[in-house]
Amino acid sequence: MTPMVSSLEQLGCDSFFRSQQPPASGQTPGRVISQQRGQYTVSIGEHSTQAVLAGRLRHQITEREELPAVGDFVDVETHSDGELATIHRVYKRKTLLTRRVAGEAGKPQAIAANVDVFFVMGALDGDFNLRRIERYLTIVRQSQAEGVVLLNKSDLMDSTSEQVALVEAITSGAPVHAVSARAGIAIEAVSERLTPGQTIAFIGSSGVGKSTLVNRLLGEERQAVQEVRKRDARGRHTTTSRELFLAPHGGCIIDTPGMREIQLLEAELGLEKTFPEISQAAERCHYRDCSHSNEAGCQVRMALETGLITGPRYQSYLKLRQETEEFRAYEQLRQTRQANPGRPPPGSSRRPRRRKR
Ligand SMILES: Nc1nc2c(ncn2[C@@H]2O[C@H](COP(=O)(O)OP(=O)(O)OP(=O)(O)O)[C@@H](O)[C@H]2O)c(=O)[nH]1
Ligand SMILES: [Mg+2]
Ligand SMILES: [Zn+2]
């Protein structure tokens with residue numbers, strides 16, 4: 001057992017979790033702080049313990065995203081030898097960030113649970129891409145957490161205002177800050193959100209400086225950091241697993257490994273919040289399930305022509321929407337198969353393509 005002086009309140013256990021069913025006798029609540037192949041490190045306040053899923057919980061879980069993730073609150077039963085604990089329950093989540101696992105069509109993976117603010121990070125010296133920021137913000141908003149954009153490495157720039165303005169134009173209200181994790185410039189934008197009971201997390205490509213900022217907030221070099229490759233300015237995937245840390249003045253921080261691709265699952269809410277000008281126009285399209293490509297009475301195309309919607313935003317939206325529709329189709333197929341094992345997959349009964357309003 002590793003000593004870790006903290007209380008569950010400091011770890012973010014508030015009335016949202018306290019008002020859920022209390023732990024069964026012999027069990028204590030805790031928070032998942034890291035995870036390595038089926039084994040979890042759970043902080044139960046004074047200390048942390050290694051834990052595995054109880055057999056019964058394992059059987060109850062039917063979807064992969066129901067498995068505990070970093071940030072989850074769980075009930076554990078510590079055993080008399082004090083070495084290994086079992087997880088009996090996962091609390092209902094405040095927020096949950098999921099993505100599609102690369103290479104496995106449609107499979108959802110929980111990235112982090114119960115995060116209040118996700119800082120979407122890019123680097124001003126090259127690694128920042130408006131379309132990728134839109135993608136991250138869509139996923140963050142779908143998770144129900146708040147999104148804030150950080151453009152890091154401002155120490156390398158003479159001026160940042162132009163780039164900040166470019167990004168602000170596509171975040172639909174999410175704040176954008178130019179910061180330097182290494183030089184400690186403007187990081188109040190982050191530390192002010194790091195208050196007792198709050199959980200913040202960093203996501204973004206490898207090498208943008210997530211772990212450098214985490215170390216600065218923790219006041220010590222807890223996370224390994226590595227130079228980006230000179231050849232292509234890419235990061236080296238230094239951080240390899242997600243981990244939750246308790247900050248010295250309260251608040252929890254989750255560092256994540258740089259993700260090469262982050263594919264969408266269900267993203268309706270995220271898209272609506274990230275592309276408000278498009279979803280507003282789409283509400284007035286003639287066909288409810290308009291694909292906004294060439295239908296008559298498409299208000300999105302109309303807004304595109306009048307310049308209310310820009311070309312790159314339109315393309316970006318269509319791409320993300322396509323992804324989330326692929327996921328839905330896959331889910332539907334999977335659920336039908338689960339409900340009728342042995343039956344041939346659906347597809348023969350064609351739904352009418354368009355429903356007129
Ligand atoms: N100039 C400058 N370099 C920075 C800054 N922040 C981080 N770096 C450097 O960028 C490189 C990558 O930083 P990391 O913190 O390892 O990046 P990361 O986002 O955690 O990367 P992964 O763990 O691979 O996802 C290191 O060499 C850092 O020193 C900054 O504000 N300015
Ligand atoms: Mg890192
Ligand atoms: Zn349309």
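What follows is a set of questions on the labels and their cut-offs.

Modeller: This is a predicted model, where local features need pLDDT of at least 70, side-chain atom pairs count only at pLDDT 80 or more, and totals for chains, interfaces and linings use all residues. Residues are numbered from 1 along each chain as its sequence is written, chains are lettered from A and ligands numbered from 1 in the order in which they are written, and side-chain values use heavy atoms, with hydrogens and water left out.

Biologist: Why is Gln39 called partly exposed?

Modeller: Its relative accessible area is 30%. Buried means under 20%, exposed over 50%, and partly exposed in between, with a 1.4 Å probe and protein chains only. Gln39 therefore falls in the middle class. Gln39 sits in strand β3 (residues 39-43). Helices (H or I, at least four residues) and strands (E, at least two) are DSSP runs, numbered from the N terminus.

Biologist: What makes helix α6 mostly covered?

Modeller: Seven of the nine residues in α6 (210-218) are buried. Among them are Leu213, Val214 and Leu217. The buried residues pack against β9, β10, α5, β12, β13 and β14. Contact here means heavy atoms within 4.5 Å.

Biologist: How do you know that Ser211 and Thr239 coordinate the magnesium ion?

Modeller: Ser211 (OG) and Thr239 (OG1) lie at 1.9 to 2.1 Å from the ion, ligand 2. Donors are N, O and S atoms within 2.8 Å of the metal (3.2 Å for Na, K and Ca). Both therefore count as donors. Water is not among the atoms, so the site may look incomplete. Ser211 is in α6 and Thr239 in the loop between α6 and β13, so the pair ties together parts 28 residues apart in sequence. Both residues are buried.

Biologist: Which residues of helix α4 (161-168) are buried, and what puts them on the same side?

Modeller: Gln163, Val164 and Val167 are buried. They cover an arc of only 100° around the axis, so they share one side of α4. The arc is that of the directions from the helix axis to the C-beta atoms. The face turned away carries exposed Ser161 and Glu162.

Biologist: Why are α3 and α10 called oblique?

Modeller: Their axes come within 11 Å and cross at roughly 45°. Axes are lines fitted to C-alpha atoms, for helices over the stretch in contact, and angles run from 0 to 180 degrees between N-to-C directions. Under 35 degrees is roughly parallel, over 145 roughly antiparallel, 65 to 115 roughly perpendicular and the rest oblique. The pair is therefore oblique.
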